[in-house]
Amino acid sequence: MAGAGLWWSAGAAPNPGSGAPEVVRLGTPDASAGGVMPVASTGADKLEKFKGAEPKPMPPLSFVDAEGRKVDLADFKDRVILLNLWATWCGPCVKEMPSLDRLQGQLGGDAFQVVALSLDRGGRTAVEPFYKKTGVEHLTVFLDPGSESMKALSLRGLPTTILVDPEGRELGRVEGAVEWDSPEVVAFLRQFLGHGGGPARGRGGVMKTGG
């Protein structure tokens with residue numbers, strides 16, 4: 001199994017009553033202690049359904065980096081972006097973070113980047129210790145302590161991951177933890193890239209060797 005979660009295309013959101021995957025619902029108590037486990041499979045068949053998604057315009061989205069500098073999602077134009085909305089208090093988010101880091105190490109470069117956007121209210125003081133403890137090496141710290149992205153992107157829960165094409169359009173999204181560096185998922189993502197990826201790089205194309 002590649003992980004847990006369920007892709008749906010940008011133009012075909014799931015019916016709320018159709019067995020949507022469990023995630024940490026926004027505004028609910030902390031579920032990190034034994035918490036909420038996703039229940040739907042992300043087999044290659046579900047990823048293939050997602051492949052033919054009709055691109056959907058993304059709303060403007062701004063956040064900050066670890067130094068407090070403003071970052072716009074549009075800054076990553078011309079790359080395929082895997083935008084992951086997460087928080088350190090979210091059990092499924094914590095579970096999938098190492099695989100997101102490995103995915104960035106494997107595919108990150110001029111054609112692809114994982115943008116892991118934390119919704120932790122503590123911002124940098126919550127995320128940097130977590131990255132260090134977890135051994136995250138390839139992901140850049142991006143922060144949304146005011147959770148502005150929650151409303152802008154109509155999030156139902158965490159983690160939510162959105163695939164964005166090089167023109168900045170949403171191709172689809174998945175709720176729940178996924179094993180992002182599994183062979184099935186990596187092969188699926190490679191189909192959207194102009195080439196096979198390259199060394200992990202930070203924002204602006206600078207080679208990134210640390211967390």
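So, which loop does Asp78 lie in? Asp78 sits in the loop between strand S5 (70-72) and S6, where helices (H or I, at least four residues) and strands (E, at least two) are DSSP runs, numbered from the N terminus.

Quick housekeeping before I go on. This is a predicted model, so local features need pLDDT of at least 70 and side-chain atom pairs count only at pLDDT 80 or more, while totals for chains, interfaces and linings use all residues. Residues are numbered from 1 along each chain as its sequence is written, and side-chain values use heavy atoms, with hydrogens and water left out.

Back to Asp78. Its phi is near 80 degrees, a positive value in a residue other than glycine. Asp78 is exposed, at 58% relative accessible area; the cut-offs are under 20% for buried, over 50% for exposed, and partly exposed in between (1.4 Å probe, protein chains only). Ser154 also has a positive phi, near 55 degrees, and isn't glycine either. You'll find Ser154 in the loop between helix H4 (148-152) and S9, and at 54% relative accessibility Ser154 counts as exposed.

One more backbone item: the peptide bond from Leu158 to Pro159 is cis, with omega near -5 degrees. Pro159 is in the loop between strand S9 (157-158) and S10.

Okay, inside now. A nonpolar core here is a set of buried Ala, Val, Leu, Ile, Met, Phe, Trp, Tyr and Cys residues joined through side-chain atoms within 4.5 Å. The largest one has 49 residues, and Leu83, Leu85, Leu103, Phe112 and Tyr131 touch the most other members. Elements giving two or more residues to this core include helix H2 (91-107), strand S7 (112-118) and helix H3 (124-134). The largest share, six residues, comes from S6.

Take Phe112: leaving aside neighbours within four places in sequence, its contacts (heavy atoms within 4.5 Å) include Leu103, Leu107, Leu189 and Leu193.

Ile81, in strand S6, is buried at 2% relative accessibility. With the neighbours within four places left out, Ile81 is in contact with Leu73, Phe76, Gln113, Val115, Ile162, Leu163 and Val164. And look at Ile81 and Asp165: 84 residues apart in sequence, yet 6.5 Å apart in space, C-alpha to C-alpha.

Gln113 is in strand S7 and is buried, at 1% relative accessible area. Its side chain makes a polar contact with the side chain of Arg79 (2.2 Å). For a polar contact we want a pair of N or O atoms within 3.5 Å; within protein, one must be able to donate a hydrogen and the other to accept it, and residues adjacent in sequence count only if both atoms are side-chain atoms.

Now the aromatics. Rings of Phe, Tyr and Trp (its six-membered ring) pair if their centres lie within 6.5 Å; planes under 30 degrees apart count as stacked, over 60 as edge-to-face and the rest as tilted. The whole structure has six aromatic pairs. Trp86 and Tyr131 have ring centres 6.0 Å apart and planes at 10 degrees, so they're stacked. That pair links distant parts of the chain, with Trp86 in strand S6 and Tyr131 in helix H3, 45 residues apart. Phe130 and Tyr131, at 6.3 Å and 50 degrees, are tilted.

Last stop, the disulfide, meaning a pair of cysteine sulfur atoms within 2.5 Å. There's one in the whole structure, joining Cys90 to Cys93 (S to S 2.3 Å). With 80 degrees about the S-S bond, the link of Cys90 and Cys93 is right-handed.
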